[in-house]
Amino acid sequence: MILNLDPKFSPFQNQEEIKFQSFTFSGGEPHIKINPDFDTTQKITITHRLNSFNDLGLLCITVDALRRMDVKIIDLFIPYFPAARQDRVMIPGEPLSVKVYADIINGLQLNKVFVFDAHSEVTPALVNNCTVIPNHTFIQEILKIIGENVKLISPDGGALKKIYKVSEFLGGVEVVECSKSRDVKTGKLSGFKVYEDDLNGMDCLIVDDICDGGGTFVGLAEELKNKNAGKLYLAVSHGIFNKGFEVLDCFDKIFTTNSFKDFDNERVTQIKLDQLI
């Protein structure tokens, strides 16, 4: 049975849904009332898109409500794990934010926690009973749209390990390695490099887990064009796009999932998770 805390997000089809009402008190506290008309001996899977700390609060009180209804087995599917990028302390005074979220979720004592395309190996290492769903079928669906005659572009060293697994899953699509430099104090990006002399007009698909502002991909796109790339495509599992899509007009097409939020924009093709998992 499924409890979809975000009514617009239903990643598992053909599952009986538990009905509920949720709202926020005037003091800012989330609240939920779960319809008790279901079999509490069954395993319950909660799904949610955690886009704020209040979303996390709703998750916590939902688990508490289910426990008080004597539900024993609770799974959780949160495709985008919040603060996953803050997985190391770069300078004194910063928090290890991913551990803060992980500790709160671990305190819920869940049976299993499913995450889609985790940012790094830190998240599953910190979260108890965590299973990471890879992005392999996501990229496979994209190649059905743009064609298989492309090169997979790894934007930086952090993406390398995952992109070679994607390539293996797809039967050995060629991978081009790239790199960049980031000032840890200011976050400014520079020094984009593509480790191939001539792309010979081949179409290129940049594959990464998150697009926030898009600076990494814009800088990399310029360097790919300098290396004689053909059409440029961008595939990100978790699309935030806080600066909109205009800054990414260097790409012929952008692909993402609905793991973070829904988009209605002609520049982006959104492949929903219920098609992938």
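**Notes on the two-domain model**

1. The term covers a side-chain nitrogen of Lys or Arg within 4 Å of a carboxyl oxygen of Asp or Glu. Between domain 1 and domain 2 the count of salt bridges is four.

2. Some ground rules. This is a predicted model, where local features need pLDDT of at least 70 and side-chain atom pairs count only at pLDDT 80 or more, while totals for chains, interfaces and linings use all residues. Residues are numbered from 1 along each chain as its sequence is written, and side-chain values use heavy atoms, with hydrogens and water left out.

3. Domain 1 runs over 2-133 and domain 2 over 136-275; such bounds come from an automatic or database domain assignment. Taken over C-alpha atoms, the two centres are 28 Å apart. Domain 1 puts 18 residues into the contact and domain 2 puts in 19, with contact meaning heavy atoms within 4.5 Å.

4. How much area is buried between domain 1 and domain 2? About 1700 Å², and carbon and sulfur atoms give 55% of it. Buried area here is the accessible area (1.4 Å probe) that two parts lose on being put together, summed over both.

5. Twelve residue pairs are in polar contact between domain 1 and domain 2, both residues at pLDDT 80 or more. On the side of domain 1 that touches domain 2, the residues split into nine nonpolar, four polar and five charged. A polar contact is a pair of N or O atoms within 3.5 Å; within protein, one must be able to donate a hydrogen and the other to accept it, and residues adjacent in sequence count only if both atoms are side-chain atoms. For the classes, Ala, Val, Leu, Ile, Met, Phe, Trp, Tyr, Cys and Pro count as nonpolar, Asp, Glu, Lys and Arg as charged, and the others, Gly among them, as polar.

6. Now take a look at Thr256, in strand 13 (residues 253-257). Thr256 counts as buried because its relative accessibility is 0%, and the cut-off for buried is under 20% (over 50% is exposed, partly exposed in between; 1.4 Å probe, protein chains only). The Thr256 side chain reaches the backbone nitrogen of Gly239 at 3.1 Å. Beyond four places in sequence, contacts of Thr256 include Phe138, Val236, Phe241 and Ile271.

7. Is Asn200 buried or exposed? Exposed, because its relative accessibility is 61%. Asn200 touches Lys227 and Asn228, leaving out residues up to four places away in sequence. Its C-alpha lies 6.5 Å from that of Ala229, 29 residues apart along the chain.

Technical notes
Helix = DSSP H or I, 4+ residues; strand = E, 2+ residues; numbered from the N terminus.
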